[in-house]
Amino acid sequence: MTSVLIPLAEGCEELEAVTLIDLLRRAGITVTTASLSDQHQVLASRQVGLVADRLLDDVLDDDFDMALLPGGQPGTTHLENDARILALLKRLHHAGKYLAAICAAPRVLAKAALLQGCRATSYPGALNPAQWPGIDISDEAIVIDGTILTSKGPGTAMDFALTIIELLTDKTTRDEVETSLVRY
């Protein structure tokens, strides 16, 4: 079964985190949420309490098909300043696994030196071209470059989740999840 790790940092963007977790689970993907702290409870950017499945330390050596980073502030800053996250992303990338980040979180991939020579998108201003000259920064809502997926922000979270579902499963599963959401 396909497995995705979603690390939850204090101050993460709850709309992104919950949308991604919910839709991927609707598609039958095994999603493990992991708190960066030593507590399962995580307070998101707008004071919404989230409860992680596991602690990050307990899943660092686990094998995942994808690591998916929600953005938000100061959640992104916590992710990019956590050596465990950077090492985990590098390990998964070198193993050919998918990496995905939304909103400001593509900056974490940049800090891990995983976006050099890649196209990526982010929340406007999160990836500064002067600071990251080796990244082809796009204004598109969702960018896929090899095994790296990036998206712009909370407003793109549902489409990003559906794109990930199609990538990790198939178009039929994506269509079933999307139809059940009664989007249109």
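Modeller: Two strands pair if DSSP finds at least two bridges between them, and please keep in mind that this is a predicted model.

Colleague: Which residue of E11 is the bridge partner of Ile102?

Modeller: Strand E7, residues 98-102, pairs with E11 in the parallel sense over four bridges. Within E11, the residue that partners Ile102 is Ser151.

Colleague: Which residue stands opposite Ile148 in E11?

Modeller: Strand E10, residues 142-145, pairs with E11 in the antiparallel sense over four bridges. The hairpin of these strands has two residues between them, and Gly146 there takes a positive phi near 65°. Opposite Ile148 stands Asp145.

Colleague: Are the two faces of strand E11 covered or open?

Modeller: Buried here means under 20% relative accessible area. Ile148 and Thr150 on one side are buried, as are Leu149 and Ser151 on the other, so that by the definition of buried each has under 20% relative accessible area, and both faces of E11 are covered.

Colleague: Why do the buried residues of helix H7 lie on the same side?

Modeller: The buried residues of H7, which spans 171-180, are Thr173, Arg174, Val177 and Glu178. They lie on the same side of H7 because the arc they cover around the axis is only 130°.

Colleague: Which helices do the buried residues of H7 pack against?

Modeller: The face turned away from the buried side of H7 carries the exposed residues Glu176 and Thr179. The buried residues themselves pack against helix H1 (14-26) and helix H6 (157-168).

Colleague: Which residue caps the N-terminal end of H7?

Modeller: A side-chain oxygen lies 3.2 Å from the backbone nitrogen of Thr172, and the capping residue that supplies this oxygen is Asp170.

Conventions: Residues are numbered from 1 along each chain as its sequence is written. This is a predicted model: local features need pLDDT of at least 70, side-chain atom pairs count only at pLDDT 80 or more; totals for chains, interfaces and linings use all residues. Side-chain values use heavy atoms; hydrogens and water are left out. Buried means under 20% relative accessible area, exposed over 50%, partly exposed in between (1.4 Å probe, protein chains only). The arc is that of the directions from the helix axis to the C-beta atoms. Contact means heavy atoms within 4.5 Å. A polar contact is a pair of N or O atoms within 3.5 Å; within protein, one must be able to donate a hydrogen and the other to accept it, and residues adjacent in sequence count only if both atoms are side-chain atoms.
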